[in-house]
Amino acid sequence: MGKGSAKIDNTIRTLRFHAGEMTQAVLAEKVGVTRQTIVAMEQGRYSPSLEVAFRVAQAFGVPLEQVFQYRGEGE
Amino acid sequence: MTYKELNAAVMIVSGAGIAAWVGWQAVTEPAPDLESVAWRLLYAIGLNIVINIVLMILATIVVSIAKREELKDERADERDRSISDKSLRNGYFAVSIGGLAVIIALAMGQGPIVAAYALFAVLMVGGLTDPVSRLVYYRVG
């Protein structure tokens, strides 16, 4: 589980906008997590497991790296 | 506020309330012997469970009315399980440290009545550490 200072950025909010303003509830349903988990991911308070990350990417029909970006040391 | 956060908040309120009540009783009406203390603490634990259930029902109704939609518990996902695990670990840690402190207190000559109250306090602190941790992890991350 990630912490508040996670080094992983994501574009979930943008992808939801481009997906016809998909609601967090709909995305949560597609991914199989709670809406609160989607909220926490969007706000960078939670870094999901690899499996959930793949499911988020699948929900938008984009590659994983388009949803999550790793910010390395010093970046 | 989600159902899980509300549950944690209710546990904190009822646990803290019962702990304060036991503490107040211990000071104002000291029990004559260890058996009386043990019954008092058992009663407090039972009361804590009942108050927790009643408060949770009432809080769910109040929040549901305020939000104009039924507050339901969602199926736990990986984040919920992770938070639950970490909170339990924190509670276990608090109980371990507290248990050690009680043994040290006994070794230093404290009587069994003080030890019984201290044991109860340790259990309450451990029981409160879990929901406090859950609230922090849910809110702060």
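Tutor: In helix 1 of chain B, the residues B:Lys4, B:Glu5, B:Ala8, B:Ala9, B:Met11, B:Ile12, B:Gly15, B:Ala16, B:Ala19, B:Val22 and B:Ala26 meet a set in helix 4 of chain B, including B:Tyr117, B:Phe120, B:Met124, B:Gly127, B:Leu128, B:Pro131 and B:Val132. This is a predicted model, in which local features need pLDDT of at least 70 and side-chain atom pairs count only at pLDDT 80 or more, while totals for chains, interfaces and linings use all residues. Residues are numbered from 1 along each chain as its sequence is written, and chains are lettered from A in the order in which they are written. Two residues are in contact if their C-beta atoms, placed from the backbone, lie within 7 Å; helices are DSSP runs (H or I, at least four residues) numbered from the N terminus.

Helix 1 spans residues 3–28 of chain B and helix 4 spans residues 112–139 of chain B; their axes lie 9 Å apart, at an angle of about 155 degrees. Axes are lines fitted to C-alpha atoms over the stretch in contact, and angles run from 0 to 180 degrees between N-to-C directions. The two helices of chain B are therefore roughly antiparallel to each other (an angle over 145 degrees).

Chain B also touches chain A: that contact takes nine residues from chain B and 12 residues from chain A. On the side of chain A, helix 3 gives the most, with three residues.

Notes. Parallel < 35°, antiparallel > 145°, perpendicular 65-115°, else oblique.
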